[in-house]
Amino acid sequence: MTQGIRGGRGVRPRWVWWVAAVWAAGFAEGAAVHAYQVGSGGLHAYAWWPVPSQVLFHALLVLDPLAAVLVARARPTGVWLGAGVMAADLTANWWANWDDVLRRPLAYLQGMVGLPAMTLFGLSVFVTAAPLRRAFLGTGPALRRP
């Protein structure tokens with residue numbers, strides 16, 4: 001079905017708009033969380049995290065909103081940036097929380113906040129990255145004009 005949103009490269013299916021909207025909202029929420037944490041804790045907001053994670057989390061103040069804007073503007077580079085950001089963010093969070101997850105696994109399953117929510121969002125980003133990029137490029141069988 002090619003009915004849907006008209007982009008710079010022709011008609012895009014509706015799923016492209018929905019997936020891009022979820023991505024943009026997710027990255028905007030991630031930027032807001034990191035901004036809140038740095039705003040309330042200052043430069044040492046992540047002091048107990050390993051140094052590479054501290055650097056990453058501070059960099060996400062710029063990378064998360066950049067990914068959100070690029071995806072909202074249907075830029076293919078936003079897809080790769082978003083997937084890379086999620087890969088790094090999930091790696092850092094699982095690395096730092098792994099011992100606690102093993103010690104208290106049910107504590108992480110009680111609500112859809114924090115690590116479980118991030119993991120589900122990250123998995124959705126990984127699953128939709130290639131189709132979304134193809135849609136932004138205007139290629140793929142559902143996007144070609146007859």
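Predicted model: local features only at pLDDT ≥ 70, side-chain atom pairs only at ≥ 80, totals over all residues.
Mentor: Local features here need pLDDT of at least 70 and side-chain atom pairs count only at pLDDT 80 or more, while totals for chains, interfaces and linings use all residues. Residues are numbered from 1 along each chain as its sequence is written, and side-chain values use heavy atoms, with hydrogens and water left out.

Trainee: Why is the contact between Asp-100 and Arg-103 called a salt bridge?

Mentor: The term asks for a side-chain nitrogen of Lys or Arg within 4 Å of a carboxyl oxygen of Asp or Glu. The closest N and O atoms of this pair are 3.8 Å apart, so the pair meets that cut-off.

Trainee: What makes Arg-104 a salt-bridge partner of Asp-100?

Mentor: Their closest N and O atoms lie 2.9 Å apart, so this pair qualifies too. A search of the whole structure finds two salt bridges.

Trainee: How do you know whether Asp-100 is buried or exposed?

Mentor: Buried means under 20% relative accessible area, exposed over 50%, and partly exposed in between (1.4 Å probe, protein chains only). Asp-100 has 17%, so it is buried.

Trainee: What makes the phi of Ala-74 worth a look?

Mentor: Its phi is near 60°, a positive value in a residue other than glycine. Ala-74 counts as buried because its relative accessibility is 19%.
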